[in-house]
Amino acid sequence: MEKKIVLIPGDGIGPEIVREAKAVLAHVAEKFGHTFSFTEIDMGGCSIDRYGEPLTDENLQKAKESDAVLLGAVGGNAETSPWYKLAPSLRPEAGLLKIRKELGLFANLRPAFLYPELAAACPLKPEQLANGFDLVIVRELTGGLYFGERHTEKVNSVETAVDTLVYTEPEIRRIAIKAFEAATKRRKSLISVDKANVLDTSRLWRRVMEEVGKDYPDVKLSHMLVDNAAMQLVYNPGQFDVIVTENTFGDILSDEASMVTGSIGMLPSASLNETKLGLYEPSHGSAPDIAGQDKANPLATILSAAMLLRYSFDMETEARAVESAVAAVLRDGYRTPDIYTEGTKKVGTREMGALVRER
Ligand code: NAI
Ligand code: MG
């Protein structure tokens, strides 16, 4: 297959980790007989330095015309970097908000999984990890409380703040489809998380999930209230395969799930729209404290590249090849400094990338 990939190295460790993930993608193309073309664009602080804005329309256009976008991270040290003296709309993160909005990315997929080799860093008890865990949270990203109307006013001379939570049927339907599609690529179990005992939006959410579920008879759909889901994620994360939930609940639960793994530097993410075009990035930031020192862990970005192969290109075999290679490198005892423990072999960013490609 021929595919166009836009790379956004960004700031801090971004260029180092994207370089390794790009080399992995190029290696996959060679091994599996695909043609991937790569175009690099600036976004974030580096774009401010060059063009005076965090993402130019011309570069955005290149992303829109691609088949998939792979991002490192944007941003610098908020205390020392001159970028943070600019207006909010001109700071590095504004580039990220702009590309998310312009690509219409409404579905955010965040996996959380435990490599047996890294279990020592996981805060859960061994008996809770007997079966490990490997789950994906599908979060609705462009609706709900964070995008509803809001205001603060005096009502009967009492200061009163109002936020509104709105979901429409089509918004729920399209995220439901993404979640069921993700579940069909995995263990075919979907848990929809809501607060249907209280909220009308949750009752509509549940009804639409049930309706969409009729088109996916292979996927087992069940429902869980969000407060219970928060407990179950720490109590027994192994019970989950795919979780789908609205924006606010997803924000909180996906951060909770990533902490439970104990190694946030290992976690990839995907943001998808109605087409196959998606934006893939590690869950961590630009780590300015270790930039340029060959210390950054490239595995979250390499695993994001695997998600890109799976969700934008439908290349399941290729995606699994990358994921197995990462697992094999860890099994063989190689660690970047952030996940190093005594008795393992410490390697830098470049060597870690090369080891993955070798496997
Ligand atoms: P961070 O995730 O960049 O760093 C937190 C800590 O984790 C640091 O000690 C860092 O060295 C370490 N770390 C992160 N990724 C690592 C990796 N791959 N390998 C080894 N160690 C790693 O979060 P922080 O410090 O809060 O933010 C730094 C900058 O990144 C800020 O400007 C922030 O706005 C930006 N940021 C950007 C994101 C994005 O581009 N999507 C997401 C989160 C933060
Ligand atoms: Mg959050």
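1. Start with two helices: H9 (residues 299–311) and H10 (residues 316–331) pack at an angle of about 165°, and their axes are 7 Å apart. Axes here are lines fitted to C-alpha atoms, for helices over the stretch in contact, with angles from 0 to 180 degrees between N-to-C directions. That angle makes H9 roughly antiparallel to H10 (over 145 degrees counts as such).

2. A word on the source: this is a predicted model, where local features need pLDDT of at least 70, side-chain atom pairs count only at pLDDT 80 or more, and totals for chains, interfaces and linings use all residues. Residues are numbered from 1 along each chain as its sequence is written, while chains are lettered from A and ligands numbered from 1 in the order in which they are written.

3. Which residues of H9 make the contact with H10? Among them are Leu 299, Ile 302 and Leu 309, and from H10 the contact includes Glu 316, Val 322 and Val 326 (in contact means C-beta atoms, placed from the backbone, within 7 Å).

4. Now the sheet: 10 strands form an open, mixed one, in the order S2-S1-S3-S12-S11-S4-S5-S10-S8-S9. Helices (H or I, at least four residues) and strands (E, at least two) are DSSP runs, numbered from the N terminus, and two strands pair if DSSP finds at least two bridges between them. S2 (35–40) and S9 (220–225) sit at the edges with a single partner strand each, so one side of each has no neighbour in the sheet. On average, neighbouring strands are turned by 25° against each other, direction ignored.

5. Zoom in on S11 (residues 268–272) and S12 (residues 278–282): they pair in the antiparallel sense over five bridges. Ala 270 has Tyr 280 in S12 as its bridge partner.

Key. Angles under 35 degrees count as roughly parallel, over 145 as roughly antiparallel, 65 to 115 as roughly perpendicular and the rest as oblique. Two residues are in contact if their C-beta atoms, placed from the backbone, lie within 7 Å.
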